[in-house]
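Here is a short briefing to read alongside the structure.

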Amino acid sequence: MLRLITDFDGPIIDVSERYYRVYQFCLEKIRYPEQSVRQLSKGEFWQMKRCRVPERQIGLNSGLDANQAQEFAQLRRKTVHTDSYFQYDTLTPGAVEALLKVQQAGIDLAVMTMRRVRELDYAVKKYNLDSFFPKNRCYCLTNDYVKTSDIEDKPLLMERALGELPHAEDTWMVGDTEADIAAAKKYNIKVIAVECGIRHRSQLEIYEPDLIVQDLSAAVKLILESPLN
């Protein structure tokens, strides 16, 4: 059996609008009443996120002072995963078609994400993804899980998945961050990084995935054409 484990945000869901709306909210909330700030365009903001510019620096680049930038970073962390902002997420172009190809090819499909149960359930229901990801193929954080860092927490999800899922002769992981790469590498799973998510190619290269492609569609095409299949 061939298995594909895919991250959710990035390969399947585009989070850029949610992150940008939170940025706008935090900037407006933190600036002084008469203070002139420079709101970054969505393109500027997302490029900084993809290049891992620290939140504090994004605040400084937007015209906040040092203390405000610190407050901005803290508020952003508290706000970005709150329920009211998930409505701004959208499907990544081509993702559903790619999932259909995986399903039609008889590949076992699982999702592994740093979303909490309620956050994943919301999106799966909203975008009618239930047929791709039944409960026994969903690996995410419990609603009360205390996060440390993605690069530490995601390998724990991978450990759980490998302990619970049926044996597969060949497994691939697709993701858009260093956490996905770390989780796969720890368990000697082939990993394809996609450029359509929250990391720029230059950032992904640092962690040496097996391959870097544009999106989930390109990753699925590559897996289906692999000589091992």
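For the packing angles below, axes are lines fitted to C-alpha atoms over the stretch in contact, and an angle runs from 0 to 180 degrees between N-to-C directions. Please keep in mind that this is a predicted model.

**Helix 5 with helix 10**

- Helix 5 (residues 95-104) packs against helix 10 (residues 216-225) at an angle of about 20°, and their axes are 8 Å apart.
- Because angles under 35 degrees count as roughly parallel, helix 5 is roughly parallel to helix 10.
- The crossing of helix 5 with helix 10 is left-handed.
- On the helix 5 side, the contact uses A95, A98, L99, K101 and V102, which meet L216, S217, V220 and L224 of helix 10.
- Sorted by class, this contact between helix 5 and helix 10 has seven nonpolar residues, one polar and one charged.

**Helix 7 with helix 8**

- The axes of helix 7 (residues 150-164) and helix 8 (residues 178-186) lie 8 Å apart, at an angle of about 45°.
- That angle makes helix 7 and helix 8 oblique to each other.
- Helix 7 and helix 8 cross in a right-handed sense.
- Helix 7 brings D150, I151, K154, P155 and M158 to the contact, while helix 8 brings E178, A179, D180, A182, A183, A184 and K186.
- By class, the contact of helix 7 with helix 8 counts seven nonpolar and five charged residues, with no polar ones.

**Helix 1 with helix 2**

- Helix 1 and helix 2 pack at about 105°, with 10 Å between their axes.
- Helix 1 and helix 2 are therefore roughly perpendicular to each other.
- S16, E17, Y19, Y20 and Y23 of helix 1 make the contact with K42, F45, W46 and K49 of helix 2.
- The class count for helix 1 with helix 2 is five nonpolar, one polar and three charged residues.

**The largest pocket**

- Which elements each supply at least two residues of the lining? They are strand 2 (13-14), helix 1 (16-30), helix 2 (42-50), helix 4 (66-79), strand 4 (108-116), helix 7 and helix 8.
- By class, the lining of the largest pocket has 18 charged, 14 nonpolar and eight polar residues.

Technical notes: Residues numbered from 1 in each chain as written. Predicted model: local features only at pLDDT ≥ 70, side-chain atom pairs only at ≥ 80, totals over all residues. Heavy atoms only, no water. Helix = DSSP H or I, 4+ residues; strand = E, 2+ residues; numbered from the N terminus. Parallel < 35°, antiparallel > 145°, perpendicular 65-115°, else oblique. Left-handed = near helix turned anticlockwise from the far one by under 90°. Contact = heavy atoms within 4.5 Å. Nonpolar A, V, L, I, M, F, W, Y, C, P; charged D, E, K, R; others polar.
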